[in-house]
Amino acid sequence: MLYMSSPRLDRELKKGSAELLILSLVEDRPRHGYEIGQLIELRSRGVLHFNVGSLYPLLYRLENRKWIRGRWIEKAGQRRRRYYRLTPAGQKVLAAQRNTWRDFVGAMNRITGVAHA
Amino acid sequence: MPPHVRSWLSRVAGLFRKRSREAEMAQEIREHLASLTVRNIAAGMSPEEAHNAALREFGGVEQIKEIAREQRVWIWADHLWQDLRFAVRILLKQPGFTLVAIVTLGLGIGANTAIFSLVNAVLLRPLPYPDANRILFMAEADRKNPAQGTFSVSLPDYQDWRRDSTVFDNLALSRVESATLSDIPGRNPEQITSALVTANFFQVIGLQSKVGRTFNEAEDRVGGPLLVVISDRLWQRAFQRDPEIIGKPLTLQSRAATVIGVMPAEMNSPQGVDAWLPIMRRTNNDAWVKREIHPMLFVWGRLKQTATLEQALTEMKAICARIEQDHPDSNRNITAAVMPLMENMVGKYRLNLALLLGAVVLVLLIACANLANLFAARGAARMHELAIRSAIGARRSQIIRQLLIEGAVIAFLGGVFGYLVAFWSRGVVTFLAPQTLSRFHEVTFDSRVLLFTLLLSGLTIALFGLWPAWQTTRTDLQFALRAGTVSDSVSARRVRDWLVIADLALTLVLLTSAGLVLKSFGRLHRLNLGFEPRQLVTARVDLPYTGYRDYGKVLTFTKAMLDKVAALPGVENVGIGANPPLLAGWQVPFVRTDKPAPPPAERPDPDSEVIAGDYFGALRASLLRGRAFTDRDTKESPNVAIIDQTAADLYFPGEDPIGKQVSSEADGDTTESRTYEIIGVVGRTRFRGTDDARMPGVVFFPLSQVHRRNLVLLIRTAAPPTSLQKTIAEIVAGIDPKQPVHDVRTMSDRVAETWATQRLLTFLLSVFAGLALLLASIGLYGVLSYNALRRLREIALRLALGAQPGQIRGLIFRHGLRLLFAGCVVGLLAAIAAAGILRNVLFQVAAIEPSMYLLVTAILALATAIACWRPAARACRTDPMVVLRDS
C-alpha cells in the first residue's frame with residue numbers, strides 16, 4: 001500500500017493515514033483517482049508513493065461509508081472521469097482524524113525529542 | 001447513521017446495481033491506465049511501450065478489480081446470487097424432473113403443514129385468557145378406579161375445598177344448563193346454553209366485562225336478585241349490540257333476569273355459554289346440600305403466582321382424604337381430579353393428533369428419500385458438466401454449494417406448493433373434525449404455521465440434498481472428464497438401495513397403522529348399540545320450571561305433542577326421553593329392597609332414563625321380558641321401572657329381575673326415595689359414547705311417575721330432519737307459543753359425532769398411507785430403472801453371450817424382491833414397535849395382527865411387481881449390438 005523508505009512503519013498507522021491523506025486531498029476540490037495518486041507523490045516530494053492497486057479499493061470503501069462521493073464529470077477538452085469530493089460526514093471524520101494525527105505526532109515528538117518543523 | 005451501517009446498506013444496494021457498478025469500475029480503471037500511458041508517452045516512450053509500462057505500474061487489472069469489488073458488495077452474496085440464477089436456469093431446462101421433485105416434496109410438506117395447523121389450533125394456541133396456564137379445572141374421581149373417568153363435584157365438597165385450600169387465589173363453581181330465551185322483540189324463543197357460576201368465576205378466568213359489570217358475592221346468595229351477564233355473541237345475535245343493554249330485562253326460563261354486563265368475545269368458558277347467572281341462589285334445595293349428590297357442578301381455580309400445579313394436586317388430594325375420613329359413607333374413595341383448563345379441553349385429542357403428526361413425518365421422510373435418489377441420479381448424469389467446472393478451477397465446496405442451491409430452490413418451491421395444498425385442504429379437515437371442540441374450527445394459517453413450513457423446507461434440503469451433493473463430488477471428476485463416464489460406486493448403490501428399503505419400511509408401518517385404524521373404525525360402525533339410530537330424528541324441548549311448576553301441565557304438554565307428531569305423515573313411532581342414548585348423563589341410586597343396602601358410596605348408580613310414548617318402538621329397542629309402560633302407569637298407580645340387560649346382569653346376576661323391587665331417588669323435583677317394581681327388561685342398550693368405558697346399565701322410568709322437564713322427542717321417520725324441524729316447531733308453538741324446539745338432528749348424526757375423532761384419524765391416516773405407497777412405488781421404480789440403466793452394458797454383454805430375456809427379467813425382479821424383503825423385515829419390526837402407541841386409539845382390534853401384516857406385505861409385493869415390470873421389460877428389449885458399439 002503506502003510505503004516509506006523505512007519498512008518499519010506500522011500497518012495500522014499506514015491504513016489510518018491513507019484514509020487521512022485521501023480525505024484531505026479531496027477537501028479543497030473534487031479530484032479523480034489518477035490525480036490523487038499523483039498529488040500524494042508530488043506533495044510528499046517523492047517520499048510517499050501510492051500503490052495504485054490499493055487506491056481504488058480504498059476509494060470505494062470511503063464511498064461506501066459516505067465520506068466521499070464520486071460523480072462522473074466531463075470537462076471541456078478532457079476525458080470523462082470520476083471525480084471524488086468530500087461529504088459533510090467526511091468533513092467531520094477528516095477533522096477528527098487530523099486531531100488524532102496531530103496528537104499522535106505531538107506525543108511522538110515529545111518522546112523522541114524531534115523538534116517540530 | 002454509523003459508518004458500518006452505511007457501508008452495509010451500500011453493499012446491499014450493490015447487489016442490485018452490479019452491472020452499472022462493474023461498468024463504472026472498468027471505465028475508471030481504463031481512464032487511469034490511459035492517464036499513465038499519456039504520462040509515459042510525454043516522458044519519451046513509444047505508445048506501445050508507454051501502455052505496457054502503465055500496465056506494469058498499475059498491476060493485475062482483474063485482481064485489483066476483484067479486491068475493489070469486495071469493497072462494494074459482499075462477494076459471498078454475489079456468488080450466491082449467481083448460483084441461484086444458474087440453479088433456476090438448470091431446473092427450467094429439465095421441467096419434468098423439476099415438476100416431479102416439487103410435487104413430491106410439496107405433498108410431503110403440505111401434509112405436514114396441514115396437520116401442524118390443526119395441532120397449532122387445538123394444542124399449541126394458548127387460551128385467550130391472561131396467564132391461562134394458571135387456570136385449573138377440577139372434578140371428582142374414584143381413586144380406586146381411575147379408568148372410570150371423572151364426575152361432577154358435590155356442593156358440600158366444593159365448600160370444604162374453598163375453605164381449606166391455600167394454593168388458589170380463587171375457587172369458583174359452575175353448572176351448565178340449557179335455558180329458554182324468550183320475549184325478545186322480533187325473535188322466536190330460542191334455546192341457549194347458560195351457566196350458573198359463583199361471583200368469583202370471572203376472576204378465575206381473568207376477563208372483565210367489556211360493557212357493564214359482573215355480579216359480586218353480595219348478590220350471589222340465596223334470595224339475591226336474578227342478574228345475568230351475557231356473551232358478546234348473544235349481544236350481537238339477539239340485541240344487535242344495543243348500547244343500552246345494561247339494565248334491560250331478559251326472559252330466561254320464563255323468568256325476568258336483569259342484564260348487568262356483556263363479556264368480551266374471547267370469553268368461551270364454559271364452552272358455548274351465552275349467559276352467566278349467579279349459582280348460590282339455587283343452593284337452597286334438598287338435593288344439593290347432600291354430599292352424595294353430584295348435581296353437575298364443576299370447580300375452576302386460579303393458582304396463586306407462587307404455587308405450582310404439583311402443589312395444587314398434592315393439596316387437593318390431601319383435602320379430599322380428610323373429607324373421606326370425616327364422611328366415609330358418601331366420600332369413600334373419592335378424590336379430586338385436577339388438571340389445567342387447556343388439558344381438560346384438548347387432552348383427549350393429544351394422542352390422535354400426535355399419531356397424525358407422526359404419520360405425516362413418515363410421509364415426508366419417504367418423499368425426501370425419493371428426492372435424494374432422484375438428485376443422486378441426476379448428479380451422476382451431470383458428471384461431465386461438473387468435471388469441466390472442476391477443471392477450470394471450481395473447488396469441491398463451490399460445486400457442492402451449487403448443487404445444494406438447486407436443492408434449496410426445489411425445497412422452497414415445494415414448500416410454497418405444500419403450503420397451498422394445506423391451505424386448500426383445510427376445509428376437508430375441519431369438516432371431519434369433532435364439532436364438540438370449537439378450537440378444531442379455528443384453524444388459521446398464521447405466522448407460526450408459515451414459519452413451520454419454512455423451517456421444514458429448510459430441513460428437507462439437508463435430508464435430500466446433502467448426500468447427493470457429497471456423493472456426486474466425491475467421484476474423481478478428472479477421470480470422469482477423460483473417460484466420458486463415471487462408474488457407480490458400491491457405496492452409492494448401497495445408499496440408494498437403503499433409501500428405497502427405508503421407503504418400503506415406512507410405508508409398511510403407515511399401511512398397517514391405517515389398516516388397523518380402518519378396521520377399528522369399521523368395528524365402531526358395526527357396533528351393536530341396542531337401538532337403531534338410522535331414520536331416527538331427535539329434537540330437544542326444555543320446559544322451564546317456572547312455567548311448568550305444576551307437573552300436570554308437563555304431562556298435558558307431552559301428551560299433546562306426542563299425539564300431534566304421531567299423526568304426521570311418514571312418522572312410524574314417536575316417543576319422549578329425558579336422557580336418551582348419547583344425551584345421557586343422569587345417574588340415580590339403585591338399591592334392591594330385598595337385600596341389605598350398601599353404603600352410599602358403594603351403591604350402584606346406573607344411567608336413568610325417563611320415557612313416554614312409544615319410546616322403545618322409536619328406538620327399535622327389543623323388549624326381552626315383561627312389559628313396557630302403558631297409559632295405566634300413572635301417578636296413582638304403583639311405581640314401575642324397566643331395566644336393560646346390562647343392568648339385569650350387573651344387579652340381578654343369575655336371577656329374573658321381573659317383580660323385584662328397587663328404591664331410587666330418581667325424581668327431578670324431590671330427593672325422596674321411592675320404591676319401584678321392575679316390570680320389564682329390554683336388550684342391552686349403549687347409552688354412552690364409545691369413548692366412555694363405563695357401562696353401568698340403564699333403568700327406565702315413566703314420565704308420568706318421575707318428574708323431568710328437559711325432554712328429547714324421538715321420531716322414527718324416513719323424512720329428513722330439515723323438513724321436520726319447522727313442523728315440530730309449529731306443533732310445539734301451537735301448544736305453548738313461548739316454547740322453542742332446538743338441536744334437531746338425526747340420531748345417526750349424534751352417533752357419528754361420537755366417532756368424529758376416530759373418523760378424522762382414519763380418513764387422514766388412510767390418505768397418508770396411500771400417498772406413502774404411491775411415493776414408495778415411484779421411488780422403487782426410479783431406483784430399479786436407474787440400476788437397469790447403469791447395468792446396460794452388463795445386460796448387453798449377457799444377451800450377446802446367449803442369456804434369455806427371462807433371465808434378464810429375473811435380474812431386475814430379484815433386485816426388487818431383495819429390496820422388498822429387507823423393507824418388509826425392517827418395517828415389521830418398526831410396526832411392532834409402534835403397536836404400543838396405536839393400541840390406545842383402537843377399538844376392539846389388537847394392535848399386533850399378523851393377518852394385517854400379511855395383507856400389507858401382499859400390497860407392497862404387488863406394488864414392487866408393478867414397479868419392476870417396466871424396467872425389466874425395457875432391459876429385455878436391449879439391443880446388445882447398439883449398446884456395445886456405443887460404449
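This is a predicted model: local features need pLDDT of at least 70, side-chain atom pairs count only at pLDDT 80 or more; totals for chains, interfaces and linings use all residues.

User: OK, how many residues of chain B are in contact with chain A?

Analyst: On the chain B side there are 22 residues in contact, and they meet 22 residues of chain A. The area buried between chain B and chain A comes to about 2200 Å², with carbon and sulfur atoms giving 54% of that area.

User: Which three residues supply more than any other three of the area that chain B buries there?

Analyst: Those are B:E28, B:H32 and B:Q71, which supply 27% of the area that chain B buries against chain A.

User: And salt bridges, what is the count between the two chains?

Analyst: The count between chain B and chain A is one salt bridge, in which the side chains of B:E24 and A:R82 meet at 3.7 Å, taken from N to O. Polar contacts are a separate tally, and the rule finds five residue pairs of that kind across the interface of chain B and chain A, with both residues at pLDDT 80 or more.

User: Which elements of chain B give two or more residues to that side?

Analyst: The elements are α1 (3-16), α2 (18-42) and α4 (61-72) of chain B, and the largest share, 11 residues, comes from α2(B).

User: What is the make-up by class?

Analyst: The side of chain B that touches chain A has eight nonpolar and eight charged residues, together with six polar ones.

User: Switching topic: is strand β1 of chain B mostly covered or mostly open?

Analyst: Strand β1, residues 135-142 of chain B, is mostly covered, since seven of its eight residues are buried, that is, under 20% relative accessible area.

User: Which strands does β1(B) pair with, and in what sense?

Analyst: With strand β11 (residues 334-340) of chain B, β1(B) pairs in the antiparallel sense over seven bridges, and there B:A139 stands opposite B:A337. Strand β10 (residues 298-303) of chain B is also antiparallel to β1(B), joined by four bridges, with B:I135 opposite B:R302.

User: What about β2, how many bridges are there?

Analyst: Two bridges join β1(B) to strand β2 (residues 150-151) of chain B, again in an antiparallel arrangement, and the bridge partner of B:A141 in β2(B) is B:T150.

Methods: Residues are numbered from 1 along each chain as its sequence is written. Chains are lettered from A and ligands numbered from 1 in the order in which they are written. Side-chain values use heavy atoms; hydrogens and water are left out. Contact means heavy atoms within 4.5 Å. Buried area is the accessible area (1.4 Å probe) that two parts lose on being put together, summed over both. A salt bridge is a side-chain nitrogen of Lys or Arg within 4 Å of a carboxyl oxygen of Asp or Glu. A polar contact is a pair of N or O atoms within 3.5 Å; within protein, one must be able to donate a hydrogen and the other to accept it, and residues adjacent in sequence count only if both atoms are side-chain atoms. Ala, Val, Leu, Ile, Met, Phe, Trp, Tyr, Cys and Pro count as nonpolar, Asp, Glu, Lys and Arg as charged, and the others, Gly among them, as polar. Buried means under 20% relative accessible area, exposed over 50%, partly exposed in between (1.4 Å probe, protein chains only). Two strands pair if DSSP finds at least two bridges between them.
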